[in-house]
Amino acid sequence: MDAYAAVLLYAIPMFVLLIIIEALYGWFKGDFTFRSMDTIASLSSGITNTLKSVLSLIIVIIGYSWLVDKIAIVHIEATWLVYVVAIIAIDFGGYWNHRLNHSINYFWNVHVVHHSSEEFNLACALRQTISNFFGIGVFFLIPAALLGVPDKVIGIVAPLHLFAQFWYHTRHIPKLGFLEYLIITPSQHRVHHAINDIYLDKNLGEVFPWWDRMFGTFQEELVEEPCIYGVKKAPKTWNPIRINFQHLWVLIQDAWHTNSYWDKCRIWFMPTGWRPAGVIEKHPIQIIEDPKSYQKYDTPASTWLHAWSWFQFIVANVFVTHMLISFKSIGFPALFYYGAFIFMMIYAYSALMDRDPNAIWFELIKSVFGLGILFYMGDWFFLNEVMGGASILVAAYLVVSVVVVAGFVMKEVRAEG
């Protein structure tokens with residue numbers, strides 16, 4: 001995990017730089033595709049996914065190295081060919097995993113956060129899940145294991161395959177001619193993120209478009225049908241942690257309220273959006289029937305609240321960067337405490353972005369927890385070794401943050417609520 005943390009130290013600045021370039025390009029072109037709160041929500045979702053990944057907060061049912069040892073029929077030598085086979089096998093598995101996420105109720109909860117932004121830009125690419133409790137992706141790598149692709153090759157190719165899916169989350173690149181038949185392009189992926197009926201659950205490929213054309217899930221972007229982004233059940237929140245579990249909470253509630261024991265069991269594995277008949281009438285859920293008339297989720301906020309939200313996000317990034325740099329020296333279980341604090345921080349400031357009156361209590365809990373860490377450790381995860389007096393600075397931030405949030409809640413939330 002410390003190697004993965006080191007990779008992220010280079011990947012995160014690169015992603016942020018590309019997002020800034022896209023934003024500046026859109027601004028100069030007069031086609032700005034970013035909204036302040038939505039962008040913070042997207043980038044904060046990226047932080048939560050990073051924390052989940054580096055802290056290994058997932059149960060891996062079967063490891064790929066075990067699988068390849070047990071079922072390999074042949075073994076490809078470590079030449080250029082093995083890397084070609086690996087990228088094709090990973091992409092083939094990724095297509096079917098992606099299709100599963102769009103097809104089955106439980107697995108849609110794992111993926112819904114990625115579609116939750118009502119904008120389409122490079123920032124929304126970072127909306128990645130924290131709700132995948134069990135790692136089943138290895139089962140989609142069975143073809144690679146049968147061919148004996150070494151686990152080290154998969155370990156190299158898999159992150160590259162993931163990073164290759166970042167660039168096409170943009171509205172600024174038109175169709176790319178013959179490349180539309182060779183790779184997934186922004187045009188194809190715009191279709192994938194759209195909630196227009198003709199576009200739903202289409203273009204599920206990750207790097208190569210061949211699988212969609214082969215298995216009937218390809219849809220071209222149409223000039224007469226502009227893409228409208230989001231999900232049919234609009235999250236109506238900027239809080240990435242809440243978005244990650246909204247669909248799961250609906251499934252739990254439906255399973256609880258239905259009188260049919262059969263429905264209690266099968267709801268998890270039914271097609272996406274399926275609900276027991278008796279529950280639909282008692283607990284209706286608003287669905288976007290006409291995307292073209294839907295008003296995007298937004299919350300009124302002063303310039304000061306926008307600035308404060310960006311400040312909180314920047315501070316969260318400073319904490320994450322320190323955590324990744326000092327990953328090995330901090331060690332476990334202290335890394336779990338650090339991760340929990342950052343999760344609390346994101347929940348608190350995104351609750352304020354949602355104009356939730358309880359934001360002050362979330363902020364207070366976060367700050368008390370942070371002060372408890374300082375008192376217990378006598379330092380902020382060895383930050384004093386890097387910067388003298390850092391603990392005093394962190395303590396001051398925690399106290400001031402509570403005071404500032406209380407002011408926003410009183411003046412902007414409750415006063416206008």
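1. A word on terms before the helix pairs: the axes are lines fitted to C-alpha atoms over the stretch in contact, and angles run from 0 to 180 degrees between N-to-C directions. Bear in mind too that this is a predicted model.

2. Start with helix H2 (residues 36–54) and helix H15 (residues 334–353). Their axes come within 11 Å and cross at roughly 165°. Angles over 145 degrees count as roughly antiparallel, and H2 and H15 are therefore roughly antiparallel to each other. The crossing of H2 past H15 is left-handed. On the H2 side, the contact uses Met37, Ile40, Ala41, Ser44, Ile47, Thr48 and Leu51, while H15 brings Gly339, Ile342, Phe343, Ile346, Tyr349 and Met353. Sorted by class, that contact of H2 with H15 has 10 nonpolar and 3 polar residues, with no charged ones.

3. H15 has another partner in helix H13 (303–325). The two pack at an angle of about 170° with axes 10 Å apart, and that makes H13 roughly antiparallel to H15. From H13, the residues in this contact are Leu305, Trp308, Ser309, Gln312, Phe313, Val315, Ala316, Phe319, Val320, His322 and Met323. They meet Leu335, Tyr338, Gly339, Phe341, Ile342, Met345, Tyr349, Leu352 and Met353 in H15.

4. The H10 residues involved are Pro240, Ile241 and Arg242, and they meet Phe343, Ile346, Tyr347 and Ser350 in H15. The contact of H10 with H15 divides into 5 nonpolar, 1 polar and 1 charged.

5. Ser350 deserves a look of its own. Setting aside neighbours within four places in sequence, Ser350 is in contact with Trp238, Asn239 and Pro240. Pro240 is also one of the H10 residues that meet H15.

6. On to helix H17 (residues 390–414). At 1.5 Å a residue, its 25 residues should span 36 Å, and the end C-alpha atoms are 34 Å apart, which agrees. The buried residues of H17 are Ala390, Ser391, Val394, Tyr397, Leu398, Ser401, Val402, Val405, Phe408, Val409, Glu412 and Val413. If you wonder about the spacing, an α-helix has 3.6 residues a turn, so residues three or four places apart point the same way. What do the buried residues of H17 pack against? The partners are H13, H15 and helix H16 (359–377).

7. Helix H4 (residues 80–103) has 24 residues and reaches 35 Å from first C-alpha to last, close to the expected 34 Å. Its buried residues include Val82, Val85, Ala86, Ala89 and Ile90, and also Asp91, His98 and His102. The buried residues of H4 pack against helix H5 (105–115), helix H6 (142–146), helix H7 (151–163), helix H8 (186–193) and helix H9 (210–215).

8. Last, Leu18 in helix H1 (residues 2–29). With a relative accessible area of 34%, Leu18 is partly exposed. Not counting residues up to four places away in sequence, Leu18 touches Leu122 and Phe166. Leu18 and Phe166 are 148 residues apart along the chain, yet their C-alpha atoms are separated by 9.8 Å.

Technical notes
Residues numbered from 1 in each chain as written. Predicted model: local features only at pLDDT ≥ 70, side-chain atom pairs only at ≥ 80, totals over all residues. Heavy atoms only, no water. Helix = DSSP H or I, 4+ residues; strand = E, 2+ residues; numbered from the N terminus. Parallel < 35°, antiparallel > 145°, perpendicular 65-115°, else oblique. Left-handed = near helix turned anticlockwise from the far one by under 90°. Contact = heavy atoms within 4.5 Å. Nonpolar A, V, L, I, M, F, W, Y, C, P; charged D, E, K, R; others polar. Expected span 1.5 Å × (residues − 1). Buried < 20%, exposed > 50% of the residue type's maximum accessible area, 1.4 Å probe, protein only.
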